[in-house]
Amino acid sequence: MTGVVFESLSSPPRIRIADAVGHEQTYIYIDEPSELTPTSASFPFRVTDAVEATLSGFEIRGRIHSFVRDSSGRMLFSTDHECEQSLPADDYYLELTTAMKLYVETSSSISIKADSERLQVSFDGPTRVTFGSRSPRNRPPETVTTTEDPEDLMTALSCLGEGILADSPDRSYPTIRGHPPEIAIGSELDVPDSIDPHDSDIVFELPPRVDALYPAVPLVYYLDAAIETGENPRLVADGETVYETTVEELSSAVKDLLPHVFMLDCLARQAGFYPFDIGAHEHVADDLPFDPADYYDRSTAEQLRAYLEVPFETLEPHLPQWSVTAHVEPAIEHVTAMPYLAAQLAFVDCVTYPRVSGDEARKASLKAFVDGDHPTRATTDVFDEEASFVDLSTDSRTRSDIWVGDDIPLRANKFLAEGYRNRHQREPLETTTITVTIVCNESWMDGEAAAVEELYGAREELPFEIRTHERLGREELADVLRRETDFFHYIGHAESRGLKCTDGFLDIETLPSVGADAFFLNACQSYQQAAAFVESGAIGGIATLSDVINEPAMTVGRTTARLLNQGFSLRDALFIARERSFTGGQYLTVGDDSATVTQPESPFPNRCIIDERVSGYSLYWIPYTNQYGLGSVATPHIESEGTRYLAGTLIGPYDLSRQELREFLELQDVPVEFEGEFYWASELADELQ
């Protein structure tokens, strides 16, 4: 089950609101403890849990955006940065951008004051208020079973759009895109009764072959389209062909179509509950043959016909960067991966890549290594064994690539469906304390253990428990691995036969289960042990393909720890950390690489790119989509007017003086690229003193 937990705390008086499955949580500070009463009150937006309390006001610390609405849900105003507003007594709804979607309903006068440090809300004396929230987590609602018959596969894939909760441009909001049903392979087609027979005005005609079906998956899901048999890929809107391509060009076509339709939906949705433009609108408005908002209430077919009148190149410079491309082996069994890829709007390439092993794999994988005497974390070489590798071509349009298929990918992360299933089957938490377990099994690596111990949990407002172990034997390590922990960080040696202990090697495959949700095995040749972690119950983690030189490995380890602590996903943390080390290409994620360890300090994990100019500095800001997904909006603190931008876009440039830049860098200790070099914001701020 998913849901939200509300808890009244007394020291200091506050209400803790937490995801029952993940670790997202928010504290609402109040004047004195208040009794919370569960309620089934209705809100203009979907909530999973709600409570009532009597308060004179409350405060939420941090940079919080809020939307204030009347009883019908119409927006009256929103708060960004410095803001003070008062409203007379009436019925109001407040929507707050905390770690979960949080709504407040009250009948009172309201005074709101917001700045970069807190949001304060005051009522006219003790007032009965209702808090409603929903978990940011999505789970598959049902399972569709298909045979290997192509017609049955098409029926099953046509059910993916069941997760889309609106047929308006609001589908571009990540909270409107629920998880698609899971797909299993069985002896007969079985579509659960809860999934209605497909009745869509959008049809994707495709040849009945997996290499034609899989690349269409993200667009089929997003448009809630039906799949029918056709000689060539053809997109049909209410009986009219609006786009046609070939199987060979289908993947590339979807990479054009999906972001294009998605961006126009983002421009059109201002006619809905959130009546504000995003930053890209001002750049493209004059080049559009229509106002996208005019199509908000039209059918999907009408929207699609109009959208495809706009040339792709008009919007291309303003599109958010897509998170991931999935390279899928063209095999029927991988249809079970499609719901997990669709939920991420992942691009899908369906091709056969060459397999390499031995010296050929070594040459492909170790290009970044240098000659010389460097201490490493291994005693054997994985490429002397019979491991088979897949030599992938990465996609420049996305930050990361994942491989769905047999064998080990080079230059990409490894998809394992077990990781996604483990996340969906995760039980509600008994405590919201985030536990991090660090094991260092080599004395000469103690420095790294001490460094990452300081980095994990260095956050206000979030309770952490750090457990550190050194030089464990096999039984001791097995006992540690059986205990529940949110994150397991191993520092030491690894081989195909296991993680090195003081008395031999512990093979994770010999354990019936592990208690870690996510992990980082910062040891040579840890891929096989990482795969065993996921197969034994973990969600996802980071591992290595082969030998990693000790000093660069320490850099990757420390950087990754700091990024995970900032709320970056495994995927994005490793993407950034790889750039800091010439051996970074030896690292990959295994399982569900979208997993996070903790929530970000601000609404989004973010990074900056800064260049020095003659008269000051030029700054770009990049908010990452993280668990909120594509379509989320972000507002950089540096914006005086609070303009909103799509997360995942490069925002800027902003021309800043030295003092203005220092003040910005002191807001949050994020990763920064300055003149091509990597910094943390606090380090660069100190240099600019």
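Biologist: Which residue is the bridge partner of Phe 204 in β14?

Modeller: This is a predicted model, in which local features need pLDDT of at least 70, side-chain atom pairs count only at pLDDT 80 or more, and totals for chains, interfaces and linings use all residues. Residues are numbered from 1 along each chain as its sequence is written, and side-chain values use heavy atoms, with hydrogens and water left out. Strand β13 (residues 202-206) pairs with β14 (residues 226-229) in the parallel sense over four bridges, where two strands pair if DSSP finds at least two bridges between them. In β14, Phe 204 has as its bridge partner Ile 227.

Biologist: Which residue is the bridge partner of Phe 204 in β15?

Modeller: Helices (H or I, at least four residues) and strands (E, at least two) are DSSP runs, numbered from the N terminus. β13 pairs with β15 (residues 234-237) in the antiparallel sense, again over four bridges. The partner of Phe 204 in β15 is Leu 235.

Biologist: How many of the five residues of β13 are buried?

Modeller: Buried means under 20% relative accessible area, exposed over 50% and partly exposed in between (1.4 Å probe, protein chains only). Ile 202, Phe 204 and Leu 206 point one way from β13, Val 203 and Glu 205 point the other way, and all are buried. β13 is therefore largely enclosed by the rest of the structure, the buried count being five of the five.

Biologist: Are α4 and α6 roughly parallel or roughly perpendicular to each other?

Modeller: Axes are lines fitted to C-alpha atoms, for helices over the stretch in contact, and angles run from 0 to 180 degrees between N-to-C directions. Angles under 35 degrees count as roughly parallel, over 145 as roughly antiparallel, 65 to 115 as roughly perpendicular and the rest as oblique. Helix α4 (residues 247-268) and helix α6 (residues 300-307) pack at about 110°, with their axes 10 Å apart. The two helices are therefore roughly perpendicular.

Biologist: Is the crossing of α11 and α14 left-handed or right-handed?

Modeller: The axes of α11 (residues 446-455) and α14 (residues 550-565) come within 9 Å and cross at roughly 15°, which makes α11 roughly parallel to α14. A crossing is left-handed if the near helix is turned anticlockwise from the far one by less than a right angle, and right-handed if clockwise. By that criterion, the crossing of α11 and α14 is right-handed.

Biologist: How many of the nine residues of α13 are buried?

Modeller: The buried residues of α13 (residues 527-535) include Tyr 527, Phe 533 and Val 534. The helix is largely enclosed by the rest of the structure because the buried count is seven of the nine.

Biologist: How many disulfides does a search of the whole structure find?

Modeller: A disulfide is a pair of cysteine sulfur atoms within 2.5 Å. The number found in the whole structure is zero.
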